[in-house]
Amino acid sequence: MRLRAEFDRPETVRPDDYVWTRSPAGGVDRMMLDRVGDEVARATTIVRFAPGSRFDPHTHGGGEEFLVLEGVFSDETGDYPVGSYVRNPIGTTHRPHTDPGCTILVKLHQFSAADTDPVCIDTRNVPFQPIGATGVEVLPLHRFGSEDVRMLRLSPEADPLDLPMSGGGEIMVVDGAVHLDGETLPAGSWLRRPPETRVRMSAPTGALIWVKTGHLAG
């Protein structure tokens with residue numbers, strides 16, 4: 001399968017565009033954002049777990065990165081509430097499950113083999129830092145080589161934000177809404193932009209966004 005697999009093209013997916021498909025695990029549905037491959041794939045996906053659902057144990061052959069958007073995601077290492085950002089390096093294994101249900105943004109098979117540090121950050125309980133732009137705060141999540149992952153919080157008073165997509169980039173609107181290219185993108189919207197482009201956005205009512213850059217070049 002190839003879905004939004006041309007990484008030199010801009011892509012935007014809004015909640016109204018979601019089409020859910022069943023996964024091999026009962027009670028687990030997927031909204032595929034981009035994908036190169038079949039069941040084992042280089043993939044970016046929103047995954048929705050029904051209460052009490054679970055996945056069989058599996059190994060991350062290419063690494064796993066996820067952000068909990070709703071609910072509580074769990075595995076044998078612990079419980080990860082909404083706002084948790086987790087990186088499981090290549091070769092790690094776990095058995096996901098959830099009691100109350102959850103929704104996560106997950107990226108698979110996109111790690112460098114040399115990127116071996118596990119990451120677990122509860123973004124709801126870590127202080128953000130100002131970046132110098134009016135009304136904008138940042139929480140760094142991970143950096144390796146050219147790859148940079150962070151959360152940005154924009155207040156309603158924030159000046160329009162000009163983000164360089166050096167090496168290509170992705171944005172997930174986690175809370176609130178942003179104005180971009182003449183339209184409003186609510187929470188749940190995802191966009192991907194090619195290398196060496198820029199994204200200029202504003203958030204008149206405030207927003208929390210997840211940003212990843214530097215991972216799409218080449």
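**Entry 1: terms and ground rules**
I worked on a 1 Å grid over the protein atoms alone, where a pocket is an open set of points that a 1.4 Å probe fits, with protein on both sides within 12 Å along at least five of seven lines; lining residues have an atom within 4 Å of a point. Grid points are joined across faces, edges and corners, and a volume is the space filled by probe spheres set on the points. This is a predicted model, and local features need pLDDT of at least 70, side-chain atom pairs count only at pLDDT 80 or more, while totals for chains, interfaces and linings use all residues. Residues are numbered from 1 along each chain as its sequence is written, and side-chain values use heavy atoms, with hydrogens and water left out.

**Entry 2: the second largest pocket**
I noted a volume of about 190 Å³ for the second largest pocket. Its lining has 13 residues, and Tyr18, Leu69, Glu70, Thr103 and Gly188 lie nearest the centre. Strands here are DSSP runs (E, at least two residues), numbered from the N terminus. β5, β7 and β17 (169-180) each supply at least two lining residues, and β17 gives the most, with 4. I sorted the lining as 8 nonpolar, 2 polar and 3 charged, counting Ala, Val, Leu, Ile, Met, Phe, Trp, Tyr, Cys and Pro as nonpolar, Asp, Glu, Lys and Arg as charged, and the others, Gly among them, as polar.

**Entry 3: the largest pocket**
The largest pocket came out at about 580 Å³. I found 26 residues in its lining, with Arg30, Glu39, Phe55, His58 and Leu108 nearest the centre. Two or more residues come from each of β4 (28-37), β5 (41-49), β6 (58-59), β7 (64-75) and β11 (102-108). β5 gives the most to this lining, with 4 residues. The lining splits into 12 nonpolar, 8 polar and 6 charged residues.

**Entry 4: positive phi**
Most residues other than glycine have a negative phi, and I looked for exceptions. Arg4 has a phi near 45 degrees and sits in the loop between β1 (2-3) and β2 (11-13). Is Arg4 partly exposed or buried? Its relative accessible area is 21%, so Arg4 is partly exposed (buried is under 20%, exposed over 50%, partly exposed in between, with a 1.4 Å probe and protein chains only). Glu196 has a phi near 65 degrees, in the loop between β19 (190-193) and β20 (197-202). Glu196 counts as exposed because its relative accessibility is 62%.

**Entry 5: rings**
I searched the whole structure for aromatic pairs and got 6. Rings of Phe, Tyr and Trp (its six-membered ring) pair if their centres lie within 6.5 Å; planes under 30 degrees apart are stacked, over 60 edge-to-face, the rest tilted. Tyr18 and Trp20 are edge-to-face because their planes stand at 90 degrees, with the centres 5.6 Å apart. Tyr18 is partly exposed at 21%, and Trp20 is partly exposed at 28%. Phe49 and Phe55 also pair edge-to-face, 6.2 Å centre to centre with 70 degrees between the planes. Phe49 is buried at 5%, whereas Phe55 is partly exposed at 22%. Phe49, Phe55, Phe66, Phe73 and Tyr80 form one aromatic cluster.

**Entry 6: charges over rings**
I count a charge as over a ring if NZ of Lys or CZ of Arg is within 6 Å of the ring centre and within 35 degrees of the ring normal. The charged end of Arg87 sits over Phe111, 4.3 Å from the ring centre. Arg153 lies over the face of Phe128, at 4.0 Å.
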